[in-house]
Amino acid sequence: MNLQGFEVRSNSAASGGAWIQTQGSGTASYLFSGAAGAYELQLTYFDESDGVSRMGVYVNGQELDSWRWNAAAASNLANNSTRTVRTVTGLSLQPSDRIEL
């Protein structure tokens with residue numbers, strides 16, 4: 001994964017014990033290396049109560065989904081109570097497609 005403007009942080013509530021964080025804007029990208037086909041992308045993030053963020057999912061520069069992180073969360077910390085999952089469905093991927101957040 002290529003990170004620009006993000007830092008890797010440790011957190012036991014995160015998948016694999018780590019997550020990426022930006023203090024403003026950033027890009028996380030990955031070149032798809034699987035077989036061509038239809039896929040779902042599951043994103044897990046911390047939707048905290050201390051602000052509103054925006055996330056977009058792009059494949060080869062085309063926006064497939066976007067949303068605002070503005071849940072009525074019970075905490076302003078990245079923990080199990082603010083852990084949220086969004087699933088992007090209907091991704092038609094080819095080898096070397098660029099997936100970007």
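These legends walk through several close-up views of a predicted model. Residues are numbered from 1 along each chain as its sequence is written, and side-chain values use heavy atoms, without hydrogens and water. Local features need pLDDT of at least 70 and side-chain atom pairs count only at pLDDT 80 or more, while totals for chains, interfaces and linings use all residues.

**View 1. Confidence in the model.** The mean pLDDT (the predictor's confidence in each residue, from 0 to 100) is 87, and 95% of residues reach 70 or more.

**View 2. The largest nonpolar core.** Here are twelve residues, including F32, L43, V88 and I99. Such a core joins buried Ala, Val, Leu, Ile, Met, Phe, Trp, Tyr and Cys residues through side-chain atoms within 4.5 Å, where buried means under 20% relative accessible area with a 1.4 Å probe, protein chains only. β5, β6, β7 and β8 each supply at least two residues of this core. A second, separate core of five residues includes A13, W19, F46 and A78.

**View 3. Around W67.** This member of the largest core is in contact (heavy atoms within 4.5 Å) with L43, Y45, S53, R54, M55, V57 and R86, leaving aside neighbours within four places in sequence.

Notes: Buried < 20%, exposed > 50% of the residue type's maximum accessible area, 1.4 Å probe, protein only. Helix = DSSP H or I, 4+ residues; strand = E, 2+ residues; numbered from the N terminus.
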